[in-house]
Amino acid sequence: KQACDLAPRSAYVLAMDATGELVRGRVGKALERVKEAESRMTSKTAKLIYSVMARIHDAQGDKSGRVWALREALKYEPSDVVLKHQLGVALSKLGLTEEAVARFSEIIEQEYSKVPPRETLLFALRTRILNLKRLSRDAEAEDDLKMARELMSRYPHLRNHEIYFEDTANT
């Protein structure tokens, strides 16, 4: 509220206002705000604006719109693994499973070299496993499951994620 009073026409404030409207279930208002934010965006606010737009498209059930907005957001911050993961999930929901697997593979490649590994690596492995199974690429899915189990065994901070892999062994 205070930000709206201080800088009501700022792209950042408009994007955050759109988020607030979306949380309140006012999708139409959220869309109005984010479109206005888009008309005022800079390279520093573009990622935020397009990620909010992706959430609005998701709320509308517009899967291809969500994919488009996430791709736009990634143009401004290509190394953002959270956006990459969201895009992979959105691609999977759109039925673009091969492309989804490729996105999760990018994340895994990016995250695998980090010591200690982050939870992000396990999230990407899990979603890649699910998509590989959809493609009947069971041997690759099994290799990923083995990698995930080895990581959880080796790194105590990842052990609480074991439950998320129980269902991947049987799907």
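Asn131 is found in helix H8, which covers residues 119–134; helices here are DSSP runs of H or I with at least four residues, strands are runs of E with at least two, and both are numbered from the N terminus. The model is a predicted one, where local features need pLDDT of at least 70, side-chain atom pairs count only at pLDDT 80 or more, and totals for chains, interfaces and linings use all residues. Residues are numbered from 1 along each chain as its sequence is written, and side-chain values use heavy atoms, leaving out hydrogens and water.

Asn131 counts as buried because its relative accessibility is 3%, where buried means under 20% relative accessible area, exposed means over 50%, and partly exposed lies in between (1.4 Å probe, protein chains only). Leaving aside residues up to four places away in sequence, Asn131 touches Ser92, Thr97, Ala100, Val101 and Phe104; a contact means heavy atoms within 4.5 Å. Arg103 sits 28 residues from Asn131 along the chain, and their C-alpha atoms are 11 Å apart.

Stepping back to the whole protein, there are 10 helices and 0 strands. Its C-alpha trace spans about 55 × 30 × 25 Å along the principal axes. Of its 171 residues, 43% count as buried. Among contacts between residues at least 6 apart in sequence, 50% link residues at least 24 apart.

The protein also carries 29 positive and 26 negative side chains, with the centres of the two sets 5 Å apart. Lys and Arg count as positive and Asp and Glu as negative, while His and the chain ends are not counted; each charge is placed at NZ of Lys, CZ of Arg, CG of Asp or CD of Glu.
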